[in-house]
Amino acid sequence: MNSPKVAIIVPIYNPGIPALSRALQSLCAQTLREIEIICVLDCPTDGSDIFVKELASTDDRIVALKNDTNQGVSHSRNAGIAQAVLDGAEFIGFMDHDDYVDSSMFEKLYLHATTHNFDVVRCNTIIEENEHNETTYFNDPTWDGIVRSLLLPFESSKNLNKLSRSVWNGVYRTGIAKHVQFLNRSDYYEEDTLFNLEVCSLTNNIDCIPNVLYHWVRNPDSLSNEKISHQKVCNRFLNYLEYVWHLIKEKQIYSFMDAFYVTISWFLRRYRTIISTMDANYQHRLGRILTDCRFPILGRYEDLKIISKARIKLFILVIKLKKFV
């Protein structure tokens, strides 16, 4: 097979055969025929490995990789990127194992990228949950707009591109993507967001097309809805904040500090009680970020009155954390 125009990476772990069949059939039916479908089998126990091997016997564009042990989505995506580089793919795309795509998705993304020489091209998404569909759009598809949305919390009313943090609604030039790794989901909050921030630090040659082409199926049992302890959430979020702050300093993108402040404020407000009980080392690390980034004492708390009990408690917490430095 010639080098693929787009390699689509699909990490697979127990999606159920009906969902996986729909996902892979939607890729096999792509109008862009010169694709490679890299299925990374993360030790599934529901028969997904057998299904993929049988489908691969009928379509030589399917490449099946297998992790020796269950490694998680990030490791699987990184293995897929390495395979795409090895196979000479021009662009890389991603899909979750229980989602599906419009048959023209990768042709439209690829043609827009190659015609206009973009490194990253994104499309709009339909969110499907409990028989209810909601379409999300890139309302500010500029590089500035996307970076600002990546730094803002998903819940923020100022976030105009809520799904800019996802990786499955676009294609990435392999020459860019090969320099970025997905971080371990168990250690970092929103590994997709960090991947996209790193990509944006390498290129501002990014665009979005208006077409709604990706179907995100919200599954209550999916990893994105995994229930974890508040303490672990706080640890993952602190690692996330340290990573983002390092990236802001390294790339000198200080014009987005206000968005970063909103994210810190959201974190402090949501987990104030838990943060207050974390050990001294944790509070020292968080206090160091607040001090280094000159986080405003009054924060950037959306929809919170200037004079309120909640703001006073957060004010006291910020003072306490900065004293740890």
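Me: What makes Asn-159 and Ser-164 contacts of Ser-149?

Reply: Happy to start there. In this predicted model, a contact calls for heavy atoms within 4.5 Å. Leaving aside its neighbours within four places in sequence, Ser-149 is in contact with Asn-159, Leu-160, Asn-161, Ser-164 and Arg-165. Asn-159 and Ser-164 are on that list, so each of them has heavy atoms within 4.5 Å of Ser-149.

Me: Why is Ser-149 called buried?

Reply: The limit for buried is under 20% relative accessible area. Ser-149 is at 2%, so it counts as buried. Ser-149 lies in helix α5, where Gly-145, Ile-146, Val-147, Leu-150 and Leu-151 are among the buried residues as well.

Me: What covers the buried residues of α5?

Reply: The cover includes helix α7 (191-202), strand β9 (206-217), helix α8 and helix α9 (257-270). Residue by residue, you can see the α7 part at Leu-197, which lies in that helix. Setting aside neighbours within four places in sequence, Leu-197 is in contact with Val-147, Leu-150 and Leu-151, and also with Val-244 and Leu-247.

Me: Asp-99 is in a loop; why is it called buried?

Reply: Asp-99 sits between β4 (91-94) and β5 (100-101). Its relative accessibility is 0%, so Asp-99 counts as buried. Among the residues Asp-99 touches are Ala-23, Tyr-214, His-215, Trp-216 and Val-217, with residues up to four places away in sequence not counted. By contrast, Lys-249, 150 residues apart from Asp-99 in sequence, is 36 Å apart in space, C-alpha to C-alpha.

Me: What makes the phi of Cys-43 worth a look?

Reply: Most residues other than glycine have a negative phi. Cys-43 is not a glycine, and yet its phi is positive, about 55°. You will find Cys-43 in the loop between β2 (35-41) and α2 (48-56). Glu-190 also has a positive phi of about 55° without being a glycine, and its place is in the loop between α6 (174-177) and α7.

Me: How do you describe the packing of α8 and α11?

Reply: Two packed helices are described by the angle between their axes and the distance between the axes. For α8 (residues 230-251) and α11 (residues 280-292), the axes come within 11 Å and cross at roughly 30°. The crossing is left-handed. On the α8 side the contact is made by Cys-234, Asn-235, Leu-238, Asn-239, Leu-241, Glu-242 and Trp-245, and on the α11 side by Tyr-282, Arg-285, Leu-286, Ile-289 and Asp-292.

Me: How many of those contact residues are nonpolar, polar and charged?

Reply: They divide into 7 nonpolar, 2 polar and 3 charged.

Me: How do you know whether the chain agrees with a compact globule?

Reply: For 325 residues, the globule rule gives a radius of gyration near 20 Å, and the chain has 21 Å, so the two agree. Of the 325 residues, 54% count as buried. The chain holds 12 helices and 9 strands. Among contacts with a separation of 6 or more, 78% are between residues 24 or more positions apart.

Conventions
Residues numbered from 1 in each chain as written. Predicted model: local features only at pLDDT ≥ 70, side-chain atom pairs only at ≥ 80, totals over all residues. Heavy atoms only, no water. Axes fitted to C-alpha atoms, helices over the stretch in contact; angles between N-to-C directions. Helix = DSSP H or I, 4+ residues; strand = E, 2+ residues; numbered from the N terminus. Left-handed = near helix turned anticlockwise from the far one by under 90°. Nonpolar A, V, L, I, M, F, W, Y, C, P; charged D, E, K, R; others polar. Rg over C-alpha atoms; globule rule 2.2 N^0.38 Å. Buried < 20%, exposed > 50% of the residue type's maximum accessible area, 1.4 Å probe, protein only.
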